Amino acid sequence: MAIASRVTKRALSTFAAAAKLPEAVAAAAAGEAEAAVPLASASASAPERAAAANKVLEFEDTGRLFAGEPTSALVRTLAALQALSVGPLVDAATAALRSPAVAGSALGRAAARATAYQHFCAGETAGEAAAVVRRLWTGGMGGILDYGIEDAEDGHACDRNAAGFVSAVDVAAALPPGSASVCIKITALCPIALLEKTSDLLRWQKRHPSFTLPWKTHSFPILSDSSPLYLTPAEPPALTPEEERELAQAHERLLAVCARCAAHGIPLLVDAEYATVQPAIDYFTLVGALAFNGAGDDEQQGRPIVNGTVQAYLRDARDRLEAMVRAAERERVRLGIKVVRGAYLAREARLAASLGVPSPIHATIQDTHDCYNGCAAFLLDRVRRGSASVMLATHNVESGQLAAARAQELGIPKGDRNLQFAQLMGMADGLSLSLRNAGFQVSKYLPYGPVEQIIPYLIRRAEENRGLLSASSFDRQLLRKELVRRVKTAVVGRERE
């Protein structure tokens, strides 16, 4: 049974072009003499280059790929992914999770815990999640601890959430060195209403540069001309003195978490969220990066402390990424970026439709793939130069193959901690294992917390597995092949007895 995991000619040409063109523009603008490093064997034909990219990761030998994975775990994973591929079933499940009557009942929580929660989450406590990290580390991968809280409504909730994030850092610090990082959401550290208002003000200032924001502490680029500035159609009111105090308190919460990470050498990943609050999230992220990612910081780990996130399904993703990276290089700040495709597709579509404006998401899935691969190529060259750190969080096999091949061509050592790959727990295990087997640094994203707290995350995972960005069919194909192989091996073994 052949596994369909080939890199297409279109993807390869898109990746190659994305790697070269921005560098040519940058060199012209900065007067740099250094030319962009071309793809290896540039004279080779597209099929030859595609074949070379496909050789970096191995999927055909599922016995090697899943070596050490218990058969019972493979069966459970296949069953969960198969259920999530059934559209009507997923629709019914997400409707139930959204219902307060179900999500708020003991029976509803028990049903969620036994199904999607068990598959996608690492447990209810940091201790349970730490045990998963240790198991992953034994198997050659790391873990990203995500205390799954978001959308705080007031300062008291924000203080409580900050304490939970600090606790996650302490748990990570007690694990084997290099095995764990920590992920946070700014919506857990600052009230939602304040983030929305701050984002409105940042968007208005982008449209009107003379508009002053007295609370703004840095001028790093946050938005681009292609950003959804239409989300702020009129001048928003200024922050009140009380709101400015709340914003300062939110900064203090973030910096306290960053400081704890810096003390222990634990990388901090700041998640991207939805468009109405993303400008404020990027603003906060850069506040942390400017404070903790200066030259010489975190030399022991070899990567920046504070890492932001770019969602490639947004039409302005590439513009914002290039602006941030170049500003960081000018200011000698070591920028860390996690690149994802995005997880708020349904929410963004609903909001845009309700406002009667274009969606901020790319029009086609291929445009999203092209944007992701372009962002990855751009950042990999920065990793080669030593000016950036990247975590490529992807479930797309083609993107993984292209990035792995490009890293190899650029001569980036596979042990370089400035190049990481990541996948969510319960998703794209085949890609994770193949990247690990090829020698790359790989981590699994491990949300944890009480079931009722994790429900928004579970809804996004269910929608992702059935929707536009689903990649679970490839995993199901791999799992079926390996289970069939194991059954045949067992039968042959009994026949020989």
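Q: Contact here means heavy atoms within 4.5 Å; counting those contacts in the protein chain with a separation of 6 or more, what percentage comes from residues 24 or more positions apart?
A: In this predicted model, residues 24 or more positions apart account for 81% of the contacts in the protein chain that have a separation of 6 or more.

Q: Why is Glu482 called buried?
A: A residue counts as buried when its relative accessible area is under 20%, and the value for Glu482 is 0%, so Glu482 is buried. Glu482 lies in helix α19, which covers residues 472-496, and, leaving aside residues up to four places away in sequence, Glu482 touches Thr62, Gly63, Phe66 and Leu74.

Q: Why is Asp151 called partly exposed?
A: The class lies between the limits of 20% for buried and 50% for exposed; because the relative accessible area of Asp151 is 28%, Asp151 is partly exposed. Asp151 sits in the loop between β1 and α9, and its phi is near 55°, a positive value in a residue other than glycine.

Q: What makes Ala428 count as buried?
A: The relative accessibility of Ala428 is 9%, which is under 20%, and therefore Ala428 counts as buried. Ala428 is found in the loop between β7 and α17, and its phi, near 55°, is positive although the residue is not glycine. As background, most residues other than glycine have a negative phi.

Q: How do you know that the length of helix α8 agrees with what its number of residues should span?
A: Helix α8 runs over residues 126-138, and its 13 residues, at 1.5 Å a residue, should span 18 Å; its end C-alpha atoms are 18 Å apart, so the two values agree.

Q: How do you know where the buried residues of α8 lie around its axis?
A: The buried residues of α8 are Ala126, Ala129, Ala130, Val132, Val133 and Leu136. Seen down the axis of α8, these buried residues fall within an arc of 155°, so they line one face of the helix. In general, an α-helix has 3.6 residues a turn, so residues three or four places apart point the same way. The face of α8 turned away from the buried side carries the exposed residues Arg135 and Thr138, while what covers the buried residues of α8 includes β1, α9, β2 and β8.

Q: What makes strand β4 mostly covered?
A: Strand β4, residues 306-311, has six of its six residues buried, and both of its faces are covered, with Val306, Gly308 and Val310 on one side and Asn307, Thr309 and Gln311 on the other.

Q: How do you know that β4 pairs with β3 and with β5, and in which sense?
A: Two strands pair if at least two bridges are found between them; β3 and β4 have two bridges and therefore pair, in the parallel sense, with Leu268 standing opposite Val306 in β4. By the same test β4 and β5 pair, also in the parallel sense, because five bridges join them, and Gly308 stands opposite Ile337 in β5. Together, β4, helix α13 and β5 make a right-handed β-α-β unit.

Notes
Residues numbered from 1 in each chain as written. Predicted model: local features only at pLDDT ≥ 70, side-chain atom pairs only at ≥ 80, totals over all residues. Heavy atoms only, no water. Buried < 20%, exposed > 50% of the residue type's maximum accessible area, 1.4 Å probe, protein only. Helix = DSSP H or I, 4+ residues; strand = E, 2+ residues; numbered from the N terminus. Right-handed = clockwise from strand over helix to strand, strands pointing away. Expected span 1.5 Å × (residues − 1). Arc of directions from axis to C-beta. Contact = heavy atoms within 4.5 Å.
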